[in-house]
Amino acid sequence: MNPNAPKAPQKLAILGSTGSIGTQALDVISRKPELFKATVLTAHSRAELLIEQARQFLPDHVVIVNESKYSEVKEALSGLPIEVHTGADALVSVVCLEQVDMVLTALVGFSGLRPTMAAIEHGKPIALANKETLVVAGEIVMAAAAARNVPIIPVDSEHSALFQCMVGEEQNPVEKIYLTASGGPFRGFSLEQLRMVTKAQALKHPNWEMGAKITIDSASMMNKGLEVIEAKWLFDLDNSQIDVIVHPQSIIHSIVQFEDGSMKAQMGLPDMRLPIQYAMAYPQRVENDFPRFNFLDYPSLTFEQVDTSVFKNLDLAFRALDRGGNMACILNAANEITNRMFLDERIRFTDIADFNEAAMEQVEFIPNPSLEDLFETDSATRAWVRAAVEQVKP
Ligand code: NAD
Ligand code: MG
């Protein structure tokens, strides 16, 4: 038994328990009840699934953010020793509860920022799936975590891979990192082909089953752009130390290159339960019976460059990093709206990057934003993009 192992069972607050990451986290927990316990479950609107999860896992608290679903959840769980809360503010209060040992941020988008900051301020270790939090406010979030000595353990598969490669290398500077990208369903497409793709095509990721927002982000390469920004803040890298390489098989999850040129990669089948479990049990590795990799199923692992003249979102992310300030927050907010509008079939696939780029040019730039500035940037950008789309596509 590792003497640094977290105390068992580790009591988790799972923000976004009804989503792709949330349900896989509960799968991990159900396999190791002696190690993990879900003490808080939260969802936005999927009341039925939240109720089912609460009955199975018996957390102390649940939050249904959407207030119109509150009475349904409250009634269904009456008679059980579970407190039911509603509203976005409740996410902030539940992460701070005494009994919470770790917070898994598995909710989508900017909504993760406030509860993550609150958890850090209360000294709660973070298992971070919600990459958007670091995209919009990476500098502020990492500084708050460092000031309180709060660990932030990545769940995103690429960042978990990088993290795992760096364990034991604390004294050794990193020369560069390679984030691997599957390339998504439109790998090799021309701009012309990309313009015509449908929502159904974009929602079919070749290697991963994920929530709708990140699936569209993966198809548009915005996901990789967001991950570049996430990596910068998590690992304190210069922009020039970050590279992206397309690896369609999604077996190598990312690579660290040290100053002697030696490269370490972390590999495995694409299964998010592994990085989720790793973050929840760190620094321990926990045995499991997840499917194992077989070399004969993958006779060749291949690599190629991303064409950023087609997949402009990746380039926009590097540009946002170079500019600094609130630029990544602008890009993220614009993308949350354009991603949604593509899913609602309001705009074309290539409009996503075009409106994201326009927002970066038009929304007010703030060189040294405070947290409040970032909240304002987020709402201002959303409003700007909605108006801009309205103008060309009323
Ligand atoms: P999802 O859409 O499947 O689930 C999102 C969860 O968050 C749901 O439980 C939903 O109720 C909740 N939620 C959504 N909006 C909310 C809001 N405004 N306030 C409170 N709760 C809200 O998403 P997902 O695919 O599980 O992704 C979750 C996060 O993890 C994202 O930031 C994503 O980028 C990241 N991530 C996901 C994967 C994956 O494999 N799914 C991999 C890497 C990183
Ligand atoms: Mg990822």
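Which protein residues are the donors of the magnesium ion, ligand 2? They are Asp156 through OD, and Glu158 and Glu227 through OE, lying 2.1 to 2.2 Å from the ion. Donors here are N, O and S atoms within 2.8 Å of the metal (3.2 Å for Na, K and Ca), and water is not among the atoms, so sites may look incomplete.

Please note that this is a predicted model, in which local features need pLDDT of at least 70 and side-chain atom pairs pLDDT 80 or more, while totals for chains, interfaces and linings use all residues. Residues are numbered from 1 along each chain as its sequence is written, chains are lettered from A and ligands numbered from 1 in written order, and side-chain values use heavy atoms, without hydrogens or water.

Along the chain, the magnesium donors follow the spacing D-x1-E-x68-E. Glu158 lies in helix H7 (157-166) and Glu227 in helix H11 (222-235), so the pair ties together parts 69 residues apart in sequence. Helices are DSSP runs of H or I, at least four residues, numbered from the N terminus. Glu158 is buried at 8% relative accessible area, and Glu227 is buried at 1%; buried means under 20%, exposed over 50%, with a 1.4 Å probe and protein chains only.

I turn now to the surface. Leu296, in the loop between helix H12 (273-281) and helix H13 (312-323), is exposed at 74% relative accessibility.

Finally, the cysteines. The whole structure contains zero disulfides, a disulfide being a pair of cysteine sulfur atoms within 2.5 Å. Cys96 is buried at 19% relative accessible area, and Cys329 is buried at 1%.

Terms used:
Helices (H or I, at least four residues) and strands (E, at least two) are DSSP runs, numbered from the N terminus.
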